Amino acid sequence: TTTTTTTIPFPSPSLNPRVPCSPSRFFAAAAYNGQLSTVLTLVEAGADALKSDNENKTPKDVAAEEKQIDCFNFLKEVEADQRAEEALKRAEILYLQAKEDAKQTQLAVAKASKDAMKLVAEMTNEAKKIAKQTLKLKKQRKKAQIAQAGKLVKPDRRSSSGSDALVNFSGPGIEKRSSAGSGPIKGKSDVDMVLAQIGADTDDATAVEMLMESLDLKEFSRLLQSCKMTVEKLRRCDVNDLKKIGLPQGASAKIVAAFNS
């Protein structure tokens with residue numbers, strides 16, 4: 001009787017430690033020989049079923065060529081699972097990267113917002129400073145214009161007989177009342193002339209302040225402003241009206257006299 005021995009073309013992994021055998025070659029050899037238990041052990045140990053050999057074949061491809069149906073079906077499921085795991089790992093990596101990018105973007109936005117708020121605060125403070133300086137320069141300009149136009153002269157009470165005692169004021173372009181009281185007043189009052197030269201509006205609260213300063217009555221400006229007094233309202237007041245709002249007799253008479261000068 002002649003015994004025929006079949007030689008396996010794909011060599012089994014060597015048990016000799018001196019002969020190197022890579023895990024992938026060991027995996028392919030088990031699939032080639034249909035050793036399902038060995039293939040299962042290798043998969044449980046973490047063997048890579050997707051890794052191909054020099055001929056670009058995976059263990060599943062080797063099992064298919066050798067018609068090792070059990071190994072092929074098993075390795076087909078293993079390949080699908082390992083591909084899913086790799087896809088999941090890639091998705092996790094992309095998620096972590098996107099999360100880090102979002103964090104960096106959030107930090108950048110927060111920093112930009114903080115810088116913008118700081119810039120707005122600085123611009124607001126600068127605008128306040130400019131407005132304050134502008135108001136200060138406006139007041140200084142009006143004071144200079146008043147000084148240039150000439151302040152109203154204080155009342156000059158001349159001693160004379162009876163009704164000839166009059167109060168006189170002088171201002172730019174204004175004719176003085178004669179000491180005898182004869183002759184009409186020509187032109188505008190001293191108040192109107194001063195306000196016209198400084199460009200103040202008679203309904204402006206600043207005009208009242210400028211008027212009080214020109215009459216050396218600046219200490220009463222706040223009182224008049226608290227009463228919402230304008231130049232036009234002052235023009236219609238007499239001494240008694242001004243005394244009712246808290247002005248003393250002398251100051252009231254001086255204001256009325258200025259409008260009547």
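Helices, as the term is used here, are DSSP runs of at least four residues, numbered from the N terminus. In this predicted model, the helix numbered H2 spans residues 36-44, and just after H2 the backbone at Gly46 takes a positive phi of about 100 degrees. The buried residues of H2 are Val39, Leu42 and Val43. Because these buried positions fall within an arc of 100 degrees when seen down the axis of H2, they line one face of the helix. On the other side of H2, the residues Ser37, Thr41 and Glu44 are exposed.

For the protein as a whole, 10 helices and 2 strands are assigned, and the order of these elements along the sequence is α-α-α-α-β-β-α-α-α-α-α-α. Of the 261 residues in the protein, 27% are buried, while the accessible surface comes to about 17900 Å², with 54% of that surface belonging to carbon and sulfur atoms. When contacts between residues at least 6 apart in sequence are considered, 47% of them join residues at least 24 apart.

The loop between helix H3 (59-65) and helix H4 (69-149) contains Glu66, which counts as partly exposed because its relative accessibility is 32%. Although Glu66 and Gly34 are separated by 32 residues in sequence, the distance between their C-alpha atoms in the model is 8.3 Å.

With regard to cysteines, the structure holds 0 disulfides. A disulfide is a covalent bond between the sulfur atoms of two cysteines, and the cut-off applied to such a pair is a separation within 2.5 Å. For Cys227, the closest cysteine sulfur is that of Cys237, and because the two sulfur atoms are 9.7 Å apart, they are too far from each other for a bond. Cys227 has a relative accessibility of 33% and therefore counts as partly exposed, whereas Cys71 has a relative accessible area of 1% and is therefore buried.

Technical notes:
Residues numbered from 1 in each chain as written. Predicted model: local features only at pLDDT ≥ 70, side-chain atom pairs only at ≥ 80, totals over all residues. Heavy atoms only, no water. Buried < 20%, exposed > 50% of the residue type's maximum accessible area, 1.4 Å probe, protein only. Contact = heavy atoms within 4.5 Å. Areas by Shrake-Rupley, 256 points an atom, 1.4 Å probe, with all protein chains shown as cover. Arc of directions from axis to C-beta.
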